[in-house]
Amino acid sequence: MEDDLVGNLFTLGKACLYFLPSFIALGRGLRNCITIVVVNLALGWTVIGWGVALFWSLKRGQSERVA
C-alpha cells in the first residue's frame, strides 16, 4: 500500500513537471497559451519540444493578460 502511494506521488510529480510550460503559460494568461499547451502536449515528450514550450512560456515581451 505504501509503495502504491509513493508510486502515485512520483507519477503525479512527473506529470506536473511535464506540463510545467503549460501551467506557466496559463498562469501568466499569455495570448498564445493554447498554442503552448498544444506544443507541450504534442512535442513535450521530446526534450527539444519541452524546452521550446518552456522557453516560449517564460519569454518576456509577450502580450499578457488577454482582455
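**Figure 1. Overall arrangement of the predicted model.** From the N terminus on, the elements of the protein follow the order α-α-α-α. The structure shown is a predicted model, and its secondary structure amounts to four helices and zero strands. Of the 67 residues in the protein, 25% are buried. The accessible surface comes to about 5000 Å², and carbon and sulfur atoms account for 71% of this area. Among contacts between residues at least 6 apart in sequence, 53% connect residues at least 24 apart.

**Figure 2. The largest nonpolar core.** Six residues form the largest nonpolar core of the model, namely Ala25, Leu30, Cys33, Ile36, Val39 and Ala53. Helix H3 (residues 33-43) supplies the largest share of this core, with three residues. One member of the core, Cys33, has a relative accessible area of 13% and is therefore classed as buried, the cut-off being under 20%.

Figure 3. The buried residues of H3 are Cys33, Ile36, Val39 and Asn40. Viewed down the axis of H3, these buried residues fall within an arc of 120°, so they line one face of the helix. An α-helix has 3.6 residues a turn, so residues three or four places apart point the same way. Ile34 and Leu41 are exposed on the other side of H3. The buried residues of H3 pack against helix H1 (2-18), H2 and helix H4 (47-58).

Figure 4. In H2, the buried residues are Pro21, Ser22, Ala25 and Arg28. Seen along the axis of H2, they fall within an arc of 140°, so the buried residues line one face of the helix. Their packing partners are H1, H3 and H4. Gly29 follows H2 and has a positive phi, near 65°.

**Figure 5. Surroundings of Ser22.** Ser22 belongs to helix H2 (residues 20-28). Its relative accessible area is 3%, so Ser22 counts as buried under the 20% cut-off. When neighbours within four places in sequence are left aside, Ser22 is in contact with Ile36, Val37 and Asn40. With Asn40 there is a polar contact between the two side chains, at 2.7 Å. Asn40 is itself one of the buried residues of H3. The C-alpha atoms of Ser22 and Thr35 are 9.3 Å apart, and these two residues are separated by 13 residues along the chain.

**Figure 6. Cysteine residues Cys16 and Cys33.** Cys16 has a relative accessibility of 36% and counts as partly exposed, whereas Cys33 is buried, at 13% relative accessible area. Cys33 also belongs to the largest nonpolar core. A search of the whole structure finds zero disulfides.

**Figure 7. Val38 of helix H3 and its separation from Ala53.** Val38 has its place in helix H3. Val38 and Ala53 lie 15 residues apart along the chain, and their C-alpha atoms are separated by 9.2 Å. Ala53 is one of the residues of the largest nonpolar core.

**Figure 8. Lys59 in the segment after helix H4.** Lys59 is located in the segment after H4. The relative accessible area of Lys59 is 42%, and the residue is partly exposed. In sequence, Lys59 and Ala25 are 34 residues apart, while the distance between them in space is 9.9 Å from C-alpha to C-alpha. Ala25 is among the buried residues of H2 and is also a member of the largest nonpolar core.

Key. Residues numbered from 1 in each chain as written. Predicted model: local features only at pLDDT ≥ 70, side-chain atom pairs only at ≥ 80, totals over all residues. Heavy atoms only, no water. Helix = DSSP H or I, 4+ residues; strand = E, 2+ residues; numbered from the N terminus. Buried < 20%, exposed > 50% of the residue type's maximum accessible area, 1.4 Å probe, protein only. Contact = heavy atoms within 4.5 Å. Areas by Shrake-Rupley, 256 points an atom, 1.4 Å probe, with all protein chains shown as cover. Core = buried A, V, L, I, M, F, W, Y, C linked by side-chain atoms within 4.5 Å. Disulfide = S-S within 2.5 Å. Arc of directions from axis to C-beta. Polar contact = N/O pair within 3.5 Å; in protein donor to acceptor, adjacent residues only side chain to side chain.
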